[in-house]
Every structure is written in C-alpha cells, then in structure tokens.
Amino acid sequence: MPTTLIKNADVAILWDAEAKQHAYVANADIAFEDGRLVFAGRDYAGPVEETISGTGLMVMPGLVNIHSHPSSEPMNKGFTDEVGTPGLYNSSLYEYLPIFRADAEAVPSCVRVALSELLLSGVTTLADLSMAHPGWLDLLGESGMRVCIAPMFRSARWYTKNGHVVEYAWDEKAGEKAFAEAMTLIERAEQHESGRLFGMVVPAQIDTCTPELLQDSRDEARRRGVSWQIHAAQAVVEFHEITRRHGFTPIGWLHEQGLLSERSIIGHGIFLDDHPSTPWHTQRDLDILAETGTTVAHCPTVFARRGITLKHLGRYKRRGVNMGLGTDTYPHNMLDEMRLAAYLARTQATDPRSLTTTELFEAATTGGAKALGRDDIGRLAAGCRADIVLVDITHPMMRPARDPLRSLIYAAGDRAVRAVYVDGRKVVENGEVLTMDYRAAAAHLNEAQKRMEARVPELDWAHRSPEQIAPSTFRWT
C-alpha cells in the first residue's frame, strides 16, 4: 500500500510518549501506509506516493466511543426527548424502552444512521452494544469503522404493569443460550474479512442477569482476553433492587463478586453510594472503581433528558477512575456529547476548573482505548492505527483558533470536520460519509418510525397512544 503524507499541518494533536499525554505540534507531518502510522512529528523525510496539504488543518486522533446502541436508538427521535416515568424516578428504561423498538426491517437503517453520525463527528472506533441481528457483522464491515461488537445477553427482561413497580420475567436457560451465541458472534467478528472488528463480553444489565451468568461471562472475557461491560448504577430503581437482593450497592456487589478489573467497564455508573439520590452507608463505591482500575462509560445526553446526571466527571477523574465516553442515544454525535459532558461536570461541581478540556479529550481517546485493551488507537504516534480526523481550522466557527481543540468542542462541532480516515482509508470527506448512504437510511427510518408508532398502544401496559405518552411540541391542526 502506498505511503500517504499529510504535510505541514497547521497543528496536530500528537502523542507525547515521554509525558504520556497528547500535545499540540505546529507544522506537523503525519505519514501512514498499510493502515498504520509510520511517522508523526516534524520534517518527514521518507518515501511518499500521495501528499495531502495540511494547510488550514488540525490533525487529531479518531475518537473512541465505548458505549452505544446503534441498532435501536435512532428510531426514538421525537418520542423519548422528554419522557421519564415519575413513579420510577424519571427513568425511561422500564416503561418506554420496551415499547419504542425498531422492527427487523428498520434495524439496518438505524445502524447506518447512527454510524454515519458517529463518523461525521470524528469517531473511528465504536463499541456497539446491541442484541444480535441478521447481517450485523457485514453491516459494521460496510461502514468502514473500527467496531467492537458487544452482543448483549440476559437472564430476564424487565417490565412494569403500573408505572411504579418494576418486575422481572426470568428465563435462565434463554440467557445461557444467548451467552453462547454471543461468544460465537465474537469469534466470527474477529475473523471478519474487514479486519476491523473485535469483541467484548456484555451481560446486559446487573439486575437482569443471574450471579452465575455474570461470573461465567466475566471468566470467559478473561479467557479470551477481551473487555467486559455491564449496565450498572444507571437507575435509582436498579440501585434499590440490588441493595434489596444482596445488601450491597451495584458497584459494591460487583466488587464483592470479583467482577471488577482494568478490563471491566461500567455503563453509566451514576448512582453510587454517595450520589444524592442513592445515599448508602458505605461511601466506598468511587474508591472501588479507582482501586480496581474499572472504567466508567459516561453518556450524559440520555440522562440529561430525564434531569439526571453523573456527579461528576471531574470528581471521578480526580479520584483516579478511568473514564470513557459514549453516545447512548441520538444524536450519535460524539463532539456534542463531549461538550455536554464538560458543561454538566462544571455545573454539578459549581466550578469551571473541575474538568479540563485535556481530561475530556483523554476520556474520548486514550481513556476509551485503555478500556478496550488497545494502545494503538486514540493517539497519533508511529506504530498506531491510521485513524485520523482532519479539522478545518479556517471554518468561521473555528475562528479565533487560539486553542483549536476548544474551538472544535465548544463552538464548531462536527461542522468543522473535513475528513476522517480509518486504517488509512478515507471514510468521510467534506461532510459526506463515503461508505454508507446516510440520507437514504434516514429517509427509510422516517417511514419505519410510523410502523413503530402504530404498535405502541398494544405494547404499552396502559394501552396509551403515542401522543398520550409523548405529546407533540405543538397541537397539530
């Protein structure tokens, strides 16, 4: 494969191995071939087959998203923006998640829409937490992204019959079967012809899995040398359910079972023993996360819609918890998610110094890479994968560009993303995804949502219409 050189970029965010952090480098050269970076610094003198002018560009590493649900969430736009069950502490999980679901025909369009939005916002590596669906691996391969497939499995499904009590329908054999099928999918992913797919073991939620399934899945993740992720400490209802069952907080119980380590990821990790909504007598959860090296996948948007937030990202970082970021819901825009994460952290701390942009960018790059067990993504250095984002620093919303990363996150967002490369292959150019038809998928999803809407009354416990559950912003006439 020929060597490509991005020559004399105005600025690049390169990895400083000695300092173990990112650094701005002016007038930088970045060269790559065969999907890997061969040079990242100044004054490249090696062979070149193709040269890209770096004038007017910031070159940065592709972002690493460790928690997303592409096969379902794009369908919910317009429905779950403002819903939350009052009798279940405003969570939308138990009452609304089971009724706002894409049908099989819509799933590929959901995935294409989500992955397109992620690519356009600079994400090059994604953890896709989905239930297995037909054609999943080939669809991910088509996208051109680097994807960690995370087929979820569980022993029970949750439901409510009244909007204030959560019940569980248990089927342990089905959970074991789904677990075995997930491991087969991971093996197939790692053998996929794209060479960009790898796996993660994901028991879906702490309250829907038996202790045996959790232990077996963690053992299997260790045996395979892959990461293990679980939704935990994501709802007040779940917190109380786990303390009722086991006498421990969700984080405390996972630790008691020996399930937390440097390759463990907690999806959300909001409701700890010192959260104002879930005070407990132990006051140990945050230290447990730090001491075990466990990563928290922080996804602020989905919770902010319900008036809920982590308290707070800067505090977790100061205590030594490895943090990664994800896009749990629509829009699948990582730069928007980063901006909200920063603002919520500072608001919760009542301190603008509680979270720096340096720490935020680390969570979106090296923090996520660490959680996935990768040191070859989320940074620009020789030997790393050629996952690269080119940002137009001449874009009016990037100006003034005294600190270009801040201009990108807090002002320009994805509007300034000019091109994205994964493994040295261009997948975005001038605001257009080159690997998938984003517009066609979005149009198809628009029609599919109407089918979903028609099924809502039969799935809802109270047989309400969609308009009763999620009233429109204005009255239609």
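P400 lies in the loop between β16, residues 388–392, and α12, residues 404–412. In this predicted model, a cis peptide bond joins R399 and P400, with omega about -10°. A cis peptide bond also joins K311 and H312, where omega is about -15°. H312 sits in the loop between α8, residues 300–304, and α9, residues 313–318.

Let me continue with two further backbone features. H268, although not a glycine, has a positive phi of about 95°. This residue is found in strand β13, residues 264–268. Is H268 buried or exposed? H268 is buried, its relative accessible area being 2%. Q283 is likewise not a glycine and has a positive phi, of about 55°. Q283 is placed in the loop between β13 and α7, residues 285–292, and is partly exposed, with a relative accessible area of 46%.

I turn now to the barrel. Eight strands close into it in the order β6-β7-β8-β11-β12-β13-β14-β15, with parallel pairing. On average, and ignoring direction, neighbouring strands of this sheet are turned by 30° against each other.

Finally, the nonpolar cores. The largest has 109 residues, of which M60, L254 and M338 touch the most other members. Helix α1, residues 107–120, gives the most to this core, with 9 residues. Leaving aside neighbours within four places in sequence, M338 is in contact with L63, L325, L360, F361, A364 and I409. Apart from this core lies another, of 21 residues, including A9, I30, V59 and Y421.

Definitions and conventions
Residues are numbered from 1 along each chain as its sequence is written. This is a predicted model: local features need pLDDT of at least 70, side-chain atom pairs count only at pLDDT 80 or more; totals for chains, interfaces and linings use all residues. Side-chain values use heavy atoms; hydrogens and water are left out. A nonpolar core is a set of buried Ala, Val, Leu, Ile, Met, Phe, Trp, Tyr and Cys residues joined through side-chain atoms within 4.5 Å. Buried means under 20% relative accessible area, exposed over 50%, partly exposed in between (1.4 Å probe, protein chains only). Helices (H or I, at least four residues) and strands (E, at least two) are DSSP runs, numbered from the N terminus. Contact means heavy atoms within 4.5 Å. Two strands pair if DSSP finds at least two bridges between them. Axes are lines fitted to C-alpha atoms, for helices over the stretch in contact, and angles run from 0 to 180 degrees between N-to-C directions.
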